[in-house]
Amino acid sequence: MTAAARVLVAWCPDLASASDMEGCGQLAAVVEEFCPRAEVAGPGTCAIGVKGPARYFGGEKALAAAIAAALTRRGYRCRTGIADGLFAARLAARAGAVVPAGATRRFLAPYPVGVLGNAELAGLLARLGITTLGAFAALPAAAVASRFGPAGTAAQRMARGLEGRPLITGPPAAGLSVACEFDPPEQRAEPVIFTARALAERMHAGLAGRGLACLVVEIQVSCADGTQITRRWRHDGLLPALAVVQRVRWQLAGWPPARDDAAGGITALRLVPGQLVRDAGRQLALWGEEVISGRAGRAAARVQAMLGHDAVLYPVPGGGRGPADEVALVPFGEPRPARLPAGRPWPARIPPPSPAIIYPVPLPAAVTDASGNPVTVTGRANLSASPALLAAGDQVPMPVTAWAGPWPVTERWWRPARACRKARFQLVAAGSAWLASVRGGRWQVEASY
Amino acid sequence: MRAGFAQVTDGFAGQPGVLPVLPALAGLLPGNGLARGAVVAVERPGLLCLALAAGASRAGAWCGVAGLPELGVVAAAGTGVNPGRLMLVPRPGRRWAEVTAELLEGCEVVVTRLPGPPPAPVRRRLEAVARQRGGVLIAAGQLWEGALVRLRVTRRSWAGIGNGYGRVRACRAEVTAEGRGAAARVRSCWLWLPGPDGAVTAAEPAGVTAGEHGGRAQAG
């Protein structure tokens, strides 16, 4: 049970959304000035092994400070942290701490079990009264293995400051890498990403044939003019095929480059698995686990190849006061938690039934009273007159037969860029019920029932 | 693929060759369900399209939706659509026909909004894909020529909301179905669309028991 290798993590919260992978590449480029083998460990997170660079830069603390200073100079808000293993180093980066060698288990002890990133295991542990990593790490390893299986063992090893899975130091994975050549060179990123899916599945089949799995994958993209975009991607758990595809997409996010006719298209894509571990397998739960049927998944992949990855979506429950906030739409095949948690009370939300039609962009509307004047709402939610006519979008004005409101909503006043103050109404006109709102003196229709 | 289909069909409560629908809608459709390979036209996109897909979705079928960026997923879930088996393509753009055909390959029920009256070759191709894969196409918006059934909401009455008081609690709607072949007879029925809990169930005609839910019903 050797301790995990010392890892430094640079974390930029501003780049932490997956949509800004171009910025993430720049982050990796800055870190690569200190250590050539930088690994992107997720959006806005970059990791390096500390052992060599720390000696060169005069100690771990000096290295962490130097990288933080270099990133701050380039205008990134960032924090760096060092600990044993990637998992602990991530948390150390959030705390901005350099955890001394061997003290990682003590550093992790007060964190809640939720940080392990396994919601199912965390929920179960919390119900068993084990709420912190310290309490989880103190359980006998054999008991954890028999009760929670390989995933539980890996999680406990991380809680103890060890590598989740012991590495196999053996012959390099040259025979396991897979490649695909594009002739003629591919000018668009989408077909390359589509090919990456088949390629990733082939790589996994090769690994599975030897009972292995990989923690790191190196993605090499060759261009027609000889340039090569190479990046190493790391993951705490194992990298399933879809996660590999996602990382190819992130790597190509900044492609094609702004300077045209420079790269001349992609000629080859190569995936090299690294840091191999024994694959302990994964047992599906007896019930309750949604398995996407092959037929539906294939159809989604074909539409994604046609229109782009973000064209096919599936709904994830979210939280919020407006009807549009209650569901977050996530690209198909990508696990991502909703922006705000579901299942909270959300005072001032619109009570059920929920509208069947929610306009992605609210329609501009005009609401007038019986004498033709626009209906206004004061800051104290006083109404100037009863609504009599509703004109939604470019439709002709419809007589309002019933209405209710105003229901004031004041959201995120502490964050001016996303603050929102409005008064909601329900109006029945022309046989339909509409959810309308007044914001800054302007009426808009948000949804219809 | 056919063998896979037979397994799925066995799981369903309806007859083979027919996807189940909510009990309240069964009377409107020939064979009391969505006949596999059929096209059902709905006059306007809305809760009725979602409710049509709900029975099959609840029984485990995948439901694809093309060209409806304004779909209310929570309302769909209220009618019984399983959000975990929903696949949305909000903006298929010019490739609408190809996307709908791909969705029919992968999903048993596909709800689509027609960008305009579809040309006859496109219509025939989509009908052929639906027949071959045993799926059902629910076409919203323009009326689909040659659809098995055409559904329309003819009257709606809202419960729970008055002049400056209350809130929308439920809606009673009269739905009329007409079609060809076995569905040639015009049928109509009253539904809670949606009911107070979001579900779609059979309702008494409006005007008979109006105001049952604590508010004044407004005839639309």
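Predicted model: local features only at pLDDT ≥ 70, side-chain atom pairs only at ≥ 80, totals over all residues.
Residues are numbered from 1 along each chain as its sequence is written, and chains are lettered from A in the order in which they are written. Local features need pLDDT of at least 70, side-chain atom pairs count only at pLDDT 80 or more, and totals for chains, interfaces and linings use all residues.

**Exercise 1.** Find how many helices and strands chain A has.

*Solution.* Start with the terms: helices (H or I, at least four residues) and strands (E, at least two) are DSSP runs, numbered from the N terminus. With these, chain A comes to 11 helices and 16 strands.

**Exercise 2.** Work out which strands of chain A form the closed barrel.

*Solution.* First, recall that strands of a sheet pair through backbone hydrogen bonds, either parallel or antiparallel. Here two strands pair if DSSP finds at least two bridges between them. Next, follow the order β11-β12-β13-β14-β15-β16 in chain A: these 6 strands close a barrel with antiparallel pairing. Now zoom in: β11 (residues 357–368) and β12 (residues 389–392) of chain A share 4 bridges. One bridge joins A:Ala366 to A:Ala391 in β12(A).

**Exercise 3.** List the residues that B:Ile138 is in contact with, leaving aside its neighbours within four places in sequence.

*Solution.* Two residues are in contact if their C-beta atoms, placed from the backbone, lie within 7 Å. By this rule, the partners of B:Ile138 are B:Val40, B:Val42, B:Cys49, B:Leu52, B:Ala53, B:Val109, B:Val110 and B:Val111.
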